[in-house]
Each structure stands twice: as structure tokens, then as C-alpha cells.
Amino acid sequence: MTDKSKSVVLMLGSALAFAFMGAMVKFAGDLPVFEKVLFRNLVSLLIAYLSIKKSGDLLFGKPENRKFLLARSLFGLSGVVLYFYSIDNMYLADSAMLNKISPFFVVIFAYFFLKEKISKIQIPGIILVFLASLLIIKPQFDLSILPALAGLGGAAAAGAAYTLVRYLGGREKPSTIVFFFSLISVLGMLPIVAFDFVIPTFGELLALLGTGCFAALGQFGLTYAYKYAPANEVAVYNYSHILFSAAVGYLFWSEVSDIYSIIGGSIVIAVSVVIYLYNRKR
């Protein structure tokens, strides 16, 4: 198997793992979102810590980078909380569609803060994707819109976090970035969870642990996928997360998105593929 093939397999495996992570969030039932986020990051914290101890990397990064590590962690934590809230209150596929808008936020944030150029094809692509998001959100003047807005807000927060990861990429080791994020997430969630802790049933506890395990599998799959091939050659396969989420949602909860969401999600995937092909051709 070639390195490119390995990367594609790992990327698809990562997307499937993240789809099952979303399923675990739903299986955890009515437990508070903050409790689910805490368990999701406890597993990542342990794995990142063991990785750093083995490699000898810095636990808390270089002093000059810590403010950026903190900002990345806070944006990342906000993104996970909002995403988990949207999963709890939307179809799994719909929440995945909104989450996958985050790369387009990265393009916008990278333009303003990292001074990266936006290509001619990306401008109409961004406009089209945000119009497509309205088909998924289906704006209404009542509280029923909150989960969809949370999903979009989570994508924006994740986009900001990924932009900072891009900035830190050549300055800190990946294990340090993951450890710092997981630590801040755990410390941020602990007081809230302690104040309103709900004792999970055995089944809910398994779902919580599954959330953390599948999240870790997804993250490691993504990391190694980029090790075997450049991001611009395989990143598009990450959008299979939407298809896997739709399949998992249908399998376990008989969820079928409405026609507007399907059209909106199809536009998001189509725009991503067109931009991917355009960049490869260049």
C-alpha cells in the first residue's frame, strides 16, 4: 500500500471515528453537555501526557507561545461545547454538516490574522457555503433555532482554534498542543461539572468513555493521515464524516435529514471538492 493510500484509509477511519464519537454523545442521553465534554477530554489528556513523557517534549510549551496555546484551547473548548450541544439537539448528520463549515472559517481568520491570501475561487465558495448553511439552519424567530446556531458557532470557534494551530504548527509539537488543550478543557469543565454533577448509569458511563476513546482515535487517525500525505491531497476525504454521521444516525435513531439540509450539506461537500481539485490543479 502506498503512502497516499495509507493516508486516505486513515482519513476515512478518522471520519468514521468522529461519527461514532457523535453517536456516543447521543447515547449518553440527558447528561449535561459539560459532563460529556469533560470525559471527552480526560481520555485525550491521558494519551497526550503519556505521549509527551515518552517523547520528552515540553508539557506547557515555550513561554512565548503560551498565550497562543491558551487562546487555541479556549476557542477549541468553546467549539466542542457548542458542537456537543448541537449533537444533543439535532440530527447527527445536520450537526456534522454545520461542523464541516469550520475550514471556511479558517480561510477567513487566516486572511485577517495570518495574512494568508484568499484565492479567487475561495471567495464565491465561502459565500455559497454560508448560504448553504441557511438551508441547514432554517432560520426561525423562536428558540428552536438555538441548536443550529450553536452548531454554526461551534464551527466558527473550531475555525479560530485551527487557525491558531496553524500558527503554532512550526513552533510547538502536536502532542504539546493537544495536551495544553485537553488540560485547559478539563480544568475549565471540572468546576461546572462538580457544581451540577449527575451520576451516570453504567450504560451512560460506557458512552462517556466511548466519546473520549473515539475522539482520540479520530484525532490520531487525522494526525497520521497528514504524516503520510500532504493535507491538500487528502483533507477532502474528511468530509466523509458527514456521510458516516448520516449512516450512523439512520442506523441507531432512524434519522433522515429533510431535503433542505440534504441540499445544504451537498453544496458544502461540492464546494469543498471543487476547491480541492482547483488547488491540486494549480
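Colleague: Before we start, what does contact mean here?
Modeller: Two residues are in contact when they have heavy atoms within 4.5 Å. With that in hand, take isoleucine 126 in this predicted model, and skip residues up to four places away in sequence. What isoleucine 126 then touches is Phe104, Val107 and Ile108.

Colleague: How far apart are the C-alpha atoms of isoleucine 126 and phenylalanine 104?
Modeller: Isoleucine 126 has its place in helix α6, residues 122–137. Phenylalanine 104 is 22 residues away along the chain. Even so, the separation of their C-alpha atoms is 6.2 Å.

Colleague: Is isoleucine 126 buried or exposed?
Modeller: Its relative accessibility comes out at 9%. Buried means under 20%, so isoleucine 126 counts as buried.

Colleague: How is α1 oriented relative to α3, roughly parallel or roughly perpendicular?
Modeller: Helix α1 covers residues 3–27 and helix α3 residues 66–89, and their axes are 9 Å apart. The packing angle is about 65°. Angles of 65 to 115 degrees fall in one class, so α1 is roughly perpendicular to α3.

Colleague: Which residues in α3 does α1 meet?
Modeller: α1 passes α3 in a right-handed crossing. On the α1 side, the residues are Met21, Gly22, Val25 and Lys26. Their partners in α3 are Tyr83, Phe84, Ile87 and Asp88.

Colleague: Where is confidence lowest in the protein?
Modeller: The average pLDDT is 90, and 98% of the residues score at least 70. Confidence is highest in α3, at 96. The lowest mean, 66, belongs to residues 231–234, helix α10.

Note on methods:
Residues numbered from 1 in each chain as written. Predicted model: local features only at pLDDT ≥ 70, side-chain atom pairs only at ≥ 80, totals over all residues. Heavy atoms only, no water. Axes fitted to C-alpha atoms, helices over the stretch in contact; angles between N-to-C directions. Helix = DSSP H or I, 4+ residues; strand = E, 2+ residues; numbered from the N terminus. Parallel < 35°, antiparallel > 145°, perpendicular 65-115°, else oblique. Left-handed = near helix turned anticlockwise from the far one by under 90°. pLDDT = per-residue confidence, 0-100. Buried < 20%, exposed > 50% of the residue type's maximum accessible area, 1.4 Å probe, protein only.
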